[in-house]
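Here is a short report for a first look at this structure. Keep the view open while you read, and find each part as it comes up.

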Amino acid sequence: MIESFAQLSEIQGSHLVWTLLCICLLIFMQLGFSCYEVGLVREKNNIHVVMKNCMGFCISMLLFTFFGIVIMFGPLGSMGAYLHSIWFENEPGELVFIMFHSILCATTVTLISGAVVERMRVRGYLTIAILTSVFIYPVFGRLAWGDKLFSDNPYAWLGALNFYDFAGATVVHSVGGWVALAASLVVGPRLGRFGTDRQPIRPSSLPMSSIGVFLLWIGWLGFNGGSQLFLTSTTPLILFNTFLSGLAGVISAMLLSYRRYQQTRVIHVMNGGLCGLVATTGGADIFMPWHALVAGAIAGVFPSTFQSWFKKLEIDDGIGVIPVHLVSGIWGTLLVGMVIPLEGDASRINAICIQCLGIFTAGVFAFGAAYSLLSLINRYRPLRVPKSGEVIGLNVWAHGSSTAMLDLINQMSAQAELG
Amino acid sequence: MIESFAQLSEIQGSHLVWTLLCICLLIFMQLGFSCYEVGLVREKNNIHVVMKNCMGFCISMLLFTFFGIVIMFGPLGSMGAYLHSIWFENEPGELVFIMFHSILCATTVTLISGAVVERMRVRGYLTIAILTSVFIYPVFGRLAWGDKLFSDNPYAWLGALNFYDFAGATVVHSVGGWVALAASLVVGPRLGRFGTDRQPIRPSSLPMSSIGVFLLWIGWLGFNGGSQLFLTSTTPLILFNTFLSGLAGVISAMLLSYRRYQQTRVIHVMNGGLCGLVATTGGADIFMPWHALVAGAIAGVFPSTFQSWFKKLEIDDGIGVIPVHLVSGIWGTLLVGMVIPLEGDASRINAICIQCLGIFTAGVFAFGAAYSLLSLINRYRPLRVPKSGEVIGLNVWAHGSSTAMLDLINQMSAQAELG
Amino acid sequence: MIESFAQLSEIQGSHLVWTLLCICLLIFMQLGFSCYEVGLVREKNNIHVVMKNCMGFCISMLLFTFFGIVIMFGPLGSMGAYLHSIWFENEPGELVFIMFHSILCATTVTLISGAVVERMRVRGYLTIAILTSVFIYPVFGRLAWGDKLFSDNPYAWLGALNFYDFAGATVVHSVGGWVALAASLVVGPRLGRFGTDRQPIRPSSLPMSSIGVFLLWIGWLGFNGGSQLFLTSTTPLILFNTFLSGLAGVISAMLLSYRRYQQTRVIHVMNGGLCGLVATTGGADIFMPWHALVAGAIAGVFPSTFQSWFKKLEIDDGIGVIPVHLVSGIWGTLLVGMVIPLEGDASRINAICIQCLGIFTAGVFAFGAAYSLLSLINRYRPLRVPKSGEVIGLNVWAHGSSTAMLDLINQMSAQAELG
């Protein structure tokens, strides 16, 4: 394994600065997710969502650095050599590779969190973080990307079939989305979300969420731009495609929302932009700019469409993770099959089928593994907070913290009742 | 046009990384404007301002990429070749140039938004975004900067006369400021801003605005630092000047505020810093550090001075866009004439006159075009929300969203009335 | 002095871009401190903390640029040559050096602010900023780092003894921490913090603080990563160590908090992460990754430990600056002595003693100078706001600003009393 990083150690100057910049931008993605979720949950859970993102990020990055990365990229069995290399060699290219990919793994974990907000225990979320970082993400990642370091890496099955997923439309976003769906089904919907005692769940601060979208957008430039781990002549195209698909998502969601409601609904427009960004992740380096525009414009309609569908199915997707990451991830991966330049006498149908195979495998494996493992764990150690904890809010229940605003609201209600 | 980008395609390594970094920083400017405006408007409009900035950014960037850039830099008539190049060639230098300049255009649009907050329809604002991106900004931009790509570009009249505007003190800030002034006059002041039924308009969150100022400052490093589209030995000087003028603006506004009110008034100090940053935009690469200090220190007094003047004239400039972008932009452009190194036997008077000509042309063209077009549009499709929409707030009226805080305030008022 | 920068002027391309990127990241640290403090103070002081950080940053950067840097790095007596060089030469390497170190100085000033929040006058805080920027920071900085430019620089006493402080565990964090302790003792605790009329001091927005921690983390990548002022093959290791120590701090604080309270207390976890980040600052380039993990894991227990200790001593450390910056800074500096590779026949004991000497000198000089000067100033011009100002809050008292939220709280209380 140690030798395998040798090629990376030759990265120099500009390559190194660019990749380090992308690593910094990836951290803004964590910030973006936190702002986005803080704004969309109720006041009584807003501290909790940042805390769990922060702790999940740390645990995921640590575990992936020491275990996940070997499972995902390593010649299995070289754990000892690998750990020795991490501890004692400090090879620059290797460290850059590890940092980038461990933050990518942490991104997958963080995006899951949005689907189970306001009702899952911290312990439950950290369990998901651990399962994802050492098992679900690296195992599927190996199937798809395992040959990124060693072209003859065993078990890099999808990669060997020419399954193409540039920066992780499937590996990061769909896999995360499937785990999110499984976790959401296992813990069940929030109290009062569906049924007869249904009450509106009001976001605490949409401006904060919108700011989160901008931060995610900034982070996405590093997410896509850094995925080559080199600065290449394709890098500007990757960023340009990222911009185009994001703005196409915003504009198409905006037009759809205006047409339907004569209003530009905030959550649809914001999620539309994120759907656009996800949609281009799978092929940002091979898309022509107009592909990115089309990818984004179509993805922009997912949030409003799927939101009502999920409502009917009584799946409580928290802040709308599934349309953004799962559906757009599938769409982006599929589009890659439709437009990827074919080599030799490869057929278009074949390319599309391979992409479908990857999409399907991700679904079966990630959803299956997450659903069965979480159900099992849930039986012995419940993932969900007790009812009283959910009512009082996770700020107080899990972290012993309240907000001035929340106290005020409670005071108000008390006053109103006393009347 | 395609050939014209050939020189840019040679950008390599460090140049590319630096310019891409500056593009990322420019996006922080969008974030900064949003935070700044969110904090300064009332609770009932805070979601609206982020939403409109986000949608305006997307529309502006899209339109400038496909139309504005040809109007601004292209040999007119080569639209076909240009579009072909965008769609199919993916030339790195070209894409970097397009991204940087389209975000610059979107910055111009976003800065306008601050002047018309809390009363303009989303449709009205997007109309301004469209007019600015495909007409006002690129047409004036061509006069001043049209020879940046082709030295013999027709109609680059001011550029040919050696009008100097490094990163856009006039092209971006003054032009944006003039459009903002025109738009503000066309839509009129907010209800209760002036006259006998005057009520204080209270910012919802000044800490958020102050954070926005820091973000704008960070963005400005990319705005000025990237305007050469290359990394040069002048780059550190440009950043140093940007820092010095910003801090001189803060310090001079702080001293003035303390002298006048024995308090350091938040809005004066924040706007003072922004005035300082604008003032150095026109000549960040040719200023000596002490020019930047003087530019910023003088600009720092504009906010408090012009605020009271505008109050007297009953011009409702929303969050104080005119002193920051228009007045400081003019001051910065003028200062360039006073200190720019003269070539050959050019005279100082001449240099100053050319700068004045540019300032004057920007005023006549940008204000004239914006005022007449917006007045015309306003007659047929009102730009302003109906009175009820303004009273209830644009969060609810335009986006169907409310905030927990706003509801609480309303509840409070209701309680207070019931007594 | 001018010649001394010659070596730096050879920095090219990647070195320059990397260092400029780190300078941008350092500004995010300012943003992070502001968000962090805004969230932890009470609503009535939240505007004040951002304002004072902003003004302190500007004054500190200006003063360090013109005076501090000569005191810290220059051959004393060359002030004239140095100022000439700043004003007229615009040497790129010199400007980069000045920008990086002046922002480092401003960081030291900003970290002090957290200890004296909610009770110190703006004038008092700016006095600390001035004293620190032109005296305390550069004088100790000269002892430790004065030979960074000239190896034979007089008075670079600790540096000559091989005292090692990579990015400022002592020079920045401990020195700042000592000044913070001194200032906290001189102004005394907040009203109602201790004693019989003790009332809980409730943070206004913990989500904002958590976001601040992420921003600080991002800034730390520039803080540590840029401290070589070059891009080297050690740069990735530096960032990797920074990540590892931060996450180890979060995880150890989380486990400790959960063990003690069955809850992951927000402030402990956040401060634990910051402690981890500080702990690795002194040796990010010489630590093996496991040193960084250990450094962070141990530092993560400081916040909860020292908080209760300080409560007993009735020292009001505002938002918890001392454990984070002072204690972790000392711990990190000490650890450097324990693990730094020894050259020739140097002994381990000797290396540890030298580190202790540096830690001790910083304590005696920074605390002594700050305590005596601030006590003296306090006698003639009180640093603390009058009682009425503290009760009404510094937003109103010092800046004439209120927040909608605060007014609401006051309205509520009034109602409750009437009620």
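## Helices H6 and H15 in chain A

The model is predicted. In chain A, helix H6 (residues 122–145) packs with helix H15 (residues 348–380) at an angle of about 155°. Their axes lie 11 Å apart. Angles over 145 degrees count as roughly antiparallel, so H6(A) is roughly antiparallel to H15(A). The crossing of H6(A) and H15(A) is right-handed.

Which residues of H6(A) meet H15(A)? They are Thr127(A), Ile128(A), Leu131(A), Phe135(A), Ile136(A), Val139(A), Phe140(A) and Leu143(A). On the H15(A) side, the partners are Gly358(A), Thr361(A), Ala362(A), Phe365(A), Ala366(A), Ala369(A), Ala370(A), Leu373(A), Leu374(A) and Ile377(A). How do the residues of this contact of H6(A) with H15(A) divide? There are 15 nonpolar, three polar and no charged residues.

## Helices H3 and H6 in chain B

Turn to chain B. Here helix H3 (residues 46–73) packs with helix H6 (residues 122–145) at an angle of about 35°. The axes of H3(B) and H6(B) are 8 Å apart. H3(B) passes H6(B) in a right-handed crossing.

The contact of H3(B) with H6(B) includes charged residues, two of them. The rest of that contact is made up of 19 nonpolar and seven polar residues.

## Helices H11 and H12 in chain C

Now look at chain C. Helix H11 (residues 266–279) and helix H12 (residues 289–299) pack at an angle of about 140°, and their axes are 8 Å apart. That angle makes H11(C) oblique to H12(C). H11(C) passes H12(C) in a right-handed crossing.

H11(C) brings Cys275(C), Gly276(C) and Ala279(C) to the contact. They meet Ala295(C), Gly296(C) and Ala299(C) in H12(C). Four residues of this contact of H11(C) with H12(C) are nonpolar, two are polar, and none is charged.

## How the chains are related

Two copies of a chain are related by a rotation about an axis and a shift along it. Take chains C and A. A rotation of 120° superposes chain C on chain A, with 0.0 Å of shift along the axis and an RMSD of 0.0 Å. That is the relation of a three-fold axis. Which residue of chain C comes closest to the rotation axis? Ser14(C) does, with its C-alpha at 3.2 Å.

Chain C can also be laid on chain B. The turn is 120°, the shift along the axis is 0.0 Å, and the RMSD is 0.0 Å. Ser14(C) again has the C-alpha of chain C nearest the axis, 3.2 Å from it.

## Surfaces and a pair between chains

The structure holds 42 aromatic pairs over all chains. One of them is formed by Trp217(B) and Phe57(C). This pair is edge-to-face, with 5.9 Å centre to centre and 80° between the planes. Trp217(B) lies in helix H9 (residues 206–225) of chain B, and Phe57(C) lies in helix H3 (residues 46–73) of chain C, so the pair joins two chains.

Conventions. Residues are numbered from 1 along each chain as its sequence is written. Chains are lettered from A and ligands numbered from 1 in the order in which they are written. This is a predicted model: local features need pLDDT of at least 70, side-chain atom pairs count only at pLDDT 80 or more; totals for chains, interfaces and linings use all residues. Side-chain values use heavy atoms; hydrogens and water are left out. Axes are lines fitted to C-alpha atoms, for helices over the stretch in contact, and angles run from 0 to 180 degrees between N-to-C directions. Helices (H or I, at least four residues) and strands (E, at least two) are DSSP runs, numbered from the N terminus. Angles under 35 degrees count as roughly parallel, over 145 as roughly antiparallel, 65 to 115 as roughly perpendicular and the rest as oblique. A crossing is left-handed if the near helix is turned anticlockwise from the far one by less than a right angle, and right-handed if clockwise. Contact means heavy atoms within 4.5 Å. Ala, Val, Leu, Ile, Met, Phe, Trp, Tyr, Cys and Pro count as nonpolar, Asp, Glu, Lys and Arg as charged, and the others, Gly among them, as polar. Copies are superposed by least squares on the C-alpha atoms of residues with pLDDT of at least 70 in both. Rings of Phe, Tyr and Trp (its six-membered ring) pair if their centres lie within 6.5 Å; planes under 30 degrees apart count as stacked, over 60 as edge-to-face and the rest as tilted.
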